[in-house]
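Me: Hello! I have a structure to look at and would like to go through it with you. Could you take my questions one by one?

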Amino acid sequence: MAQYRTQFRIIADVLSTARDMNTEGEGVGVTTLLRRGNMSYSRMSKLLAELVGSGLMLELSGDKISKYMISKKGIEFLAAYYNFEDFAQSFGLRL
């Protein structure tokens, strides 16, 4: 049986992609986030708006394209998520 990702897992995947793929410090495009996040464009757009609104990601607007960068708050969220994921797994639970 396939295991679906939870909303928190999806958020962690998008944040970690934004962190890991931002090698030049200019942010990550939506296409990269879509490919790595394995999500539809409409769902990713809603999630990015939510993440930017909550301060977990920063939107860097250019002339024609927006790029996204994980914020300090997003890095803290990601660290807390992975710590809690490890804690839950130590009890045999899956997030």
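This is a predicted model: local features need pLDDT of at least 70, side-chain atom pairs count only at pLDDT 80 or more; totals for chains, interfaces and linings use all residues.

Me: Which residues join Phe91 in a cluster linked by ring pairs?

Reply: Phe87 and Phe91 form an edge-to-face aromatic pair, with 5.1 Å centre to centre and 70 degrees between the planes. Ring pairs also bring in one further residue, so that the cluster consists of Phe91 together with Phe87 and Phe84.

Me: How are the planes of Phe84 and Phe87 arranged: stacked, tilted or edge-to-face?

Reply: The structure holds 4 aromatic pairs. In the pair of Phe84 and Phe87, the centres are 6.2 Å apart and the planes make an angle of 35 degrees. Stacked would need under 30 degrees and edge-to-face over 60, so this pair counts as tilted.

Me: Where do Phe84 and Phe87 lie, and are they buried, partly exposed or exposed?

Reply: Both residues sit in helix α4, 3 residues apart, which is about one turn of the helix. The relative accessible area is 47% for Phe84 and 49% for Phe87. Buried needs under 20% and exposed over 50%, so Phe84 and Phe87 are both partly exposed.

Me: Stepping back, what pattern does the protein chain follow along the sequence?

Reply: The secondary structure comes to 4 helices and 3 strands. Read along the sequence, these elements give the pattern α-β-α-α-β-β-α.

Me: What radius of gyration does the protein chain have?

Reply: The C-alpha atoms fill a box of roughly 50 × 30 × 25 Å along the principal axes. For 95 residues, a compact globule would have a radius of gyration near 12 Å. The protein chain agrees with that, and its value is 14 Å.

Me: What share of the residues in the protein chain is buried?

Reply: The protein chain exposes about 6,400 Å², and carbon and sulfur atoms supply 54% of that area. Turning from area to residues, the chain has 95 of them, and the buried share is 35%.

Me: What do the buried residues of α1 pack against?

Reply: The 14 residues of α1 should span 20 Å at 1.5 Å a residue, and the end C-alpha atoms agree, being 20 Å apart. Among the buried residues of this helix are Ile10, Ile11, Val14 and Leu15. The buried residues of α1 pack against β1 (28-29), α2, α3, β2 (57-61), β3 and α4.

Me: Is Ser16 buried or exposed?

Reply: Ser16 is found in helix α1, residues 7-20. Beyond its neighbours up to four places away in sequence, Ser16 touches Leu78 and Tyr82. Its relative accessibility is 10%, and the limit for buried is under 20%, so Ser16 counts as buried.

Me: And Asn38: is this residue buried or exposed?

Reply: Asn38 belongs to the loop between α2 (30-37) and α3 (41-53). Leaving out residues up to four places away in sequence, Asn38 touches Arg5 and Leu33. The relative accessible area of Asn38 is 64%, which is over the 50% limit, so the residue is exposed.

Me: What is the phi of Asn38?

Reply: Most residues other than glycine have a negative phi. Asn38 is not a glycine, yet its phi is positive, at about 50 degrees.

Me: How far apart in space are Asn38 and Asp13?

Reply: Along the sequence, Asn38 and Asp13 are 25 residues apart. In space, their distance from C-alpha to C-alpha is 9.5 Å.

Technical notes
Residues are numbered from 1 along each chain as its sequence is written. Side-chain values use heavy atoms; hydrogens and water are left out. Helices (H or I, at least four residues) and strands (E, at least two) are DSSP runs, numbered from the N terminus. Buried means under 20% relative accessible area, exposed over 50%, partly exposed in between (1.4 Å probe, protein chains only). Contact means heavy atoms within 4.5 Å. The expected span of a helix is 1.5 Å times one less than its number of residues. Rings of Phe, Tyr and Trp (its six-membered ring) pair if their centres lie within 6.5 Å; planes under 30 degrees apart count as stacked, over 60 as edge-to-face and the rest as tilted. The radius of gyration is taken over C-alpha atoms; the globule rule is 2.2 Å times the number of residues to the power 0.38. Accessible areas come from the Shrake-Rupley method with a 1.4 Å probe; for residues, only the protein chains shown count as cover.
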